[in-house]
Amino acid sequence: MSPNLILVLMFGGLTLLMVTGLPIAFVLGGLSLLLTITLWNPDSVIILVLQVFDTMRSEPLLAVPLYILMAGILQRSGVIEDLYRVMGLWFGRLRGGLAIGTVIICVVMAAMTGVVGAAVTSMGVLAMPEMLRRKYDPSLVAGTICAAGTLGVLIPPSVLTIVYAVTAQVSIGKMLIAGIVPGLLLALAYILYILYVAYFKPGKVPVESVKPVPMRLKLLSLQAVVIPALLIVMVLGSIFLGIATPTEAAAVGVVGAILASFARRRFTFQGLADAGIQTLKVTSMILWITIGAKAYVAIFTGLGGADTLIGAIRDLDVSPYVVLAIMMLILIFLGTCLDEIGIILLTVPVFLPIVKAFGFDEIWFGVLYAISIQVGYISPPFGYSLFYLKATLPKGMGMAEVYRGVVPFMGLQILVLLICAAVPGMVTWLPRFVG
């Protein structure tokens, strides 16, 4: 059969089945099995079985459930509530201060857990009611929470980054550290935008009339920052200094989260069990998607689809950066309808040979990849973060405000994406110090 026809059947079949709303894991696995039997050889089904065993034996993937468990324990420990109170004391009198504090908390949450859903829903419950009570523009509130909540895609320890590194077979430690500078740059861009709106867009942000807080009280409130700071040092410091692998650092983070719960007298075995069940559900979904995607890519490569696609792209008479831009646009589109794990496992094996052929740095490409998925995460109408936030919206506030609010932040994400693409050294210099 013609390789071009194979490409059409594989991508066409995948698109058709995804449109039906079937779970992506079973779409990938089922389509792989069907195409193996009909287009290849029934005996080749053994390849699908080998993909299952390969996934189950992957030690780097062990970090994924550990970081998810860490996030679940921290959600129940009260650490995030304390952080929000601290930000209210320090930034409450600054115009736009609560929104800025929300961005900073999301940076800290990203550095503690790396789970987007936890950040968006927590801030939706904690920060949104307070900002709306103080008459912040609802669109600005929604956009801030949605955009800042996705910083966990970039800032380590990011589950998405780990899965990308495992799939692309690059250093997990280098990949995690590479996200720090772009992640902080994004956070800074959000803060500058909030300040711009606060001072140059009348009516969007209230002029705060909160009573001054004594410096003594502000300094005492910083006690709440100690536990998050220690957790970040334990996890990121151990990776950066080469003391622990990312998987080992994840285990250290879980122990740190349990100790944090004990320190705040919020630890319960029921809470630990609930966090464990949540971890089991999310990890099972990720592993099923991983198995399905690996099977799909194995069949795609075996039938010659990968070679055909790479050859077609090489024959295009365009700049490599045009091809890179097309790949980023595809990722942004996929980010509106698929979860990030599915996107990585589906596209990295296809995109990475093209990246290598053009001589692009794989770590640099991974960061551009993550930022593109972030854009998709908040893209109307189906971005994942929008629906995380939807569950926390108060009465009288609809998705229209959310859609309006995320558009400027999408522009900021695309701006940072272009900066990182134009200045690769911004991404690649820090990972050089990682052993």
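Q: Where does Ser-261 sit?
A: In this predicted model, Ser-261 has its place in helix 14.

Q: Is Ser-261 buried or exposed there?
A: Ser-261 counts as buried, because its relative accessibility is 3% and the cut-off for buried is under 20%.

Q: And what does Ser-261 touch?
A: Once residues up to four places away in sequence are set aside, Ser-261 touches Ile-73, Ser-77, Arg-266 and Phe-267.

Q: How accessible is Phe-262?
A: Phe-262 is partly exposed, since its relative accessible area is 49% and exposed would need over 50%.

Q: Which residues do ring pairs link into a cluster?
A: Tyr-321, Phe-358, Phe-360 and Trp-364 are linked into a cluster by ring pairs.

Q: Which residues is Val-355 in contact with?
A: With neighbours within four places in sequence left aside, Val-355 is in contact with Met-327, Phe-360 and Phe-365; Phe-360 also belongs to the ring cluster. Val-355 itself is found in helix 18, which covers residues 340-357, and it is buried, with a relative accessible area of 0%.

Q: How far is Val-355 from Pro-320?
A: The two are 35 residues apart in sequence, while their C-alpha atoms are 8.9 Å apart in space.

Q: Stepping back, how many helices and strands does the protein chain have?
A: The protein chain has 22 helices and zero strands. Of its 435 residues, 54% count as buried, and among contacts with a separation of 6 or more, 80% are between residues 24 or more positions apart.

Q: Tell me about helix 11: what span should it have, and what are its ends doing?
A: Helix 11 runs over residues 180-200, and at 1.5 Å a residue its 21 residues should span 30 Å, which agrees with the 30 Å between its end C-alpha atoms.

Q: Which of its residues are buried, and what covers them?
A: The buried residues of helix 11 include Pro-182, Gly-183, Leu-186, Tyr-190 and Ile-194. Their cover includes helix 6, helix 8, helix 10, helix 19, helix 21 and helix 22.

Q: What about helix 13, how far does it reach?
A: Helix 13, residues 223-240, has 18 residues and reaches 25 Å from its first C-alpha to its last, close to the 26 Å expected at 1.5 Å a residue. Its buried residues, among them Ala-224, Pro-228, Leu-231 and Val-235, pack against helix 4, helix 5, helix 6, helix 10, helix 12 and helix 14.

Q: What follows helix 13?
A: Gly-242 follows helix 13, and its phi is positive, near 75°.

Q: Which residues other than glycine have a positive phi?
A: Lys-135 is one of them, with a positive phi of about 75°, and Gln-169 is another, with phi near 60°. Lys-135 is found in the loop between helix 7 and helix 8, where it counts as exposed at 63% relative accessibility. Gln-169 has its place in the loop between helix 9 and helix 10 and is exposed too, with a relative accessible area of 73%.

Q: What about Arg-134, buried or exposed?
A: Arg-134 counts as buried at 19% relative accessibility, and its place is in the loop between helix 7 and helix 8. Arg-134 and Val-207 are 73 residues apart in sequence and 9.4 Å apart in space, C-alpha to C-alpha.

Q: What lines the largest cavity?
A: The lining residues include Val-153, Leu-154, Thr-161, Met-175 and Gly-366, and the whole lining divides into six nonpolar, three polar and no charged residues. Helix 10 and helix 19 each supply at least two residues of this lining, with helix 19 giving the most, three residues.

Definitions and conventions: Residues numbered from 1 in each chain as written. Predicted model: local features only at pLDDT ≥ 70, side-chain atom pairs only at ≥ 80, totals over all residues. Heavy atoms only, no water. Buried < 20%, exposed > 50% of the residue type's maximum accessible area, 1.4 Å probe, protein only. Phe/Tyr/Trp six-rings, centres within 6.5 Å; stacked < 30°, edge-to-face > 60°. 1 Å grid on protein atoms, 1.4 Å probe; cavity = no way out; pocket = protein on both sides within 12 Å on 5 of 7 lines; lining within 4 Å. Helix = DSSP H or I, 4+ residues; strand = E, 2+ residues; numbered from the N terminus. Nonpolar A, V, L, I, M, F, W, Y, C, P; charged D, E, K, R; others polar. Expected span 1.5 Å × (residues − 1). Contact = heavy atoms within 4.5 Å.
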